[in-house]
Amino acid sequence: MKNYLNRIFAQAAKKLAYLKEASVIFNVPAQSDHGDFATNIAMTLTKKLKRNPKEIAQEICDVLKEIIDDKVIEKIQIAGPGFINFYFTPEYAAQIVKVILNQKEEYGKSKKYHGKKANVEFVSANPTGPLTVGHGRNAVIGDTVANMLEWVGYEVDREYYFNNAGRQMRILGDSVKKRYLELLGEDIDFPEEYYQGEYIKEIAEELKKEFGDKLKGESEEGIFKERAEKIIFEDISKTLESISIKMKSFFNENDLYEEKKIDEVLEYFEQNELSYKDDGAVWLKLSELGIEKDKVIVKSTGEPTYRLPDIAYHKDKFERGYDLIVDLFGSDHAATYPDVLAGLKAMGFDVDKIKVLIHQFVTIMEKGQTIKMSTRKANYITLEELVNEVGSDVVRYFFIMRSISSHLNFDIDLAKKHSEENPVFYLQYAHARISSILKMAEEENIVLSVENLELLNTDAEQKLLKKISLFEEEVLINTENFEPHKIANYLEELAALFHKFYTECRIVGSPQELAQARIALAVAVKTVIKNGLTILGVSAPEKM
RNA sequence: GCCCACGUAGCUCAGUGGAUAGAGCACCGGUUUCCUAAACCGGGUGUCGCAGGUUCGAUUCCUGCCGUGGGUACCA
């Protein structure tokens, strides 16, 4: 429909010169009696042409009326302060069904970014403990964004960045060692800043079972740390798998050191006089790169701060040839990326290729109290527990249904108690209902046909048709804007329109040709719901 | 102090430079001899945090203030 509008405006521009430079935007009006599409072009031209918007609208309409095919558009109307409203014919609206039945699970995909490569980095939790509900939001948003990019043509690599060295990991190893010694009956002192979680004891238990007391003299950075890392990573992978997330690669920060990539960056900064030494530390001249203050990149102890490996890591991503690099992290990391981007820019990289997505925190409510989560203090709810409790579909939907810049209030009690009232069931039920109708229709020997789609002319049918015809554009726009929650919103609206159609328009029992056309519509709707849920990583059940 | 995000119905949250600001939950009532009632229909509440500004038009954009969360390290 929109394509048709663009075409007729292109033709109209031949007669009305001012339309040539104008960018004409079509919107779906909030009110359905304002037409299927509307444009405010006459109002935006008011200033430029110094003419009354209604007069401009009238002139445009007069030209358009010469061009339009009345089999496609049945009415053009000027309304309100100068909107031009377009009403499509029911027959034309119904044609979308053929397109969908033809494209099936491909419907909604587009090729705009075909041939482009994207890297989406998400989760990226260090292996010091199980994934928490907080990580869950990051994981689900990241995977869904990756799905969306694939739908518009990108080839996407999902990547997990982690660091298994450093202070936190040392403490992890020592936490395990202390628990191990405790199991052997030794009197230990377990500091508050150590990892308090039960999983530490389980790892220690496993080591005791396997090695008895032979590890007494081992270093905390040896087998204790290694085993903890291995077990925790297995646990993280399993959790991710349980919500259908599969990483293409796990990028280890240590590789940057081993492959001298850190040194390369340091050298570059030094040679280009972008860094200097002071107080025994190496400083990056960020004040010359548009950032307020210079920052340390190598501490006086010789250890780099996070900025340096992060710059080296992104340099590596650039060198791998991605057209788009997406970083996803929580608002607690919001302050870190400008420094990293500035460093990369100074090295000559096109930082416009990097899209940093920052999602706000998940606030956990339990028994009316907000819980401050901390992996170290073992004060958290694991993602695994949540998935076991409410299922993967609910977890994924819950984390994606809100805009990423909005705080997410997660009431654990409510999620457990009212999980059946989660809106995801509303979508899934629409899908299951259609499956059920199709089965019934088959038993009644009603065969799908696209020969009489013009019979789909009731209000409920027309609204449904217009909604499904917007799907491809929804996917494209929301992907370009990185707004995955809008896919969920769209599907909820679609499901609502379907449920209404279901109530008002019967299939079994209707005259044969109408029943056949309605079957075609039902299959088209089912396809769109299924495709939409696929993007969200949520299942589309045949039965509920 | 400074930086970022958010502030919309009782609650959780959508939404938009335009035509009457929405959904779910919760509450009350109705719909099933008929393809799944996990549904549908009806009933109502808003100083769109506050105050200015830009605009033909602002809840949307800008500024200030207030509130919430996050950041502000030679932690990540």
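Two strands count as paired if DSSP finds at least two bridges between them, and the strands and helices themselves are DSSP runs numbered from the N terminus (E, at least two residues, for strands; H or I, at least four, for helices). With that in hand, take serine 275: its bridge partner in S9 is leucine 284.

A word on ground rules before going further. This is a predicted model, where local features need pLDDT of at least 70 and side-chain atom pairs count only at pLDDT 80 or more, while totals for chains, interfaces and linings use all residues. Residues are numbered from 1 along each chain as its sequence is written, chains are lettered from A and ligands numbered from 1 in the order in which they are written, and side-chain values use heavy atoms, with hydrogens and water left out.

**Two sheets**

S8 and S9 run antiparallel and are joined by four bridges. They belong to an open sheet of three strands in the order S8-S9-S10, with antiparallel pairing. Strand S8 (275–278) and strand S10 (295–298) each have a single partner strand, so one side of each is left without a neighbour in the sheet. From one strand to the next, the twist averages 45 degrees. Helix H13 (residues 307–319) packs on this sheet and touches S9 and S10, contact meaning heavy atoms within 4.5 Å. The direction of H13 makes about 75 degrees with that of S10; angles run from 0 to 180 degrees between N-to-C directions, and axes are lines fitted to C-alpha atoms, for helices over the stretch in contact.

The other open sheet has four strands, ordered S1-S2-S4-S3 and paired antiparallel. Its edges are strand S1 (26–27) and strand S3 (73–79), each pairing on one side only. Six bridges tie S3 to S4. Across that pairing, isoleucine 73 sits opposite phenylalanine 88, and isoleucine 76 faces phenylalanine 86. S3 and S4 make a hairpin with three residues between them, and glycine 80 in the turn has a positive phi of about 55 degrees.

**Helix pairs**

H3 and helix H4 (residues 53–67) have axes that come within 8 Å and cross at roughly 115 degrees. On the H3 side, the contact includes Ile41, Met43 and Leu45, and on the H4 side Pro53 and Ile56 are among the residues met. By class, this contact holds nine nonpolar, one polar and no charged residues. Here Ala, Val, Leu, Ile, Met, Phe, Trp, Tyr, Cys and Pro count as nonpolar, Asp, Glu, Lys and Arg as charged, and the others, Gly among them, as polar.

H18 and helix H22 (residues 512–536) pack at about 145 degrees, their axes 10 Å apart. Their contact has eleven nonpolar, three polar and two charged residues.

| Protein residue (backbone atom) | Atom of RNA strand B | Distance |
|---|---|---|
| Serine 331 | sugar or linking oxygen | 3.0 Å |
| Aspartate 332 | sugar or linking oxygen | 3.3 Å |
| Serine 403 | phosphate oxygen | 2.7 Å |

Terms used: A polar contact is a pair of N or O atoms within 3.5 Å; within protein, one must be able to donate a hydrogen and the other to accept it, and residues adjacent in sequence count only if both atoms are side-chain atoms.
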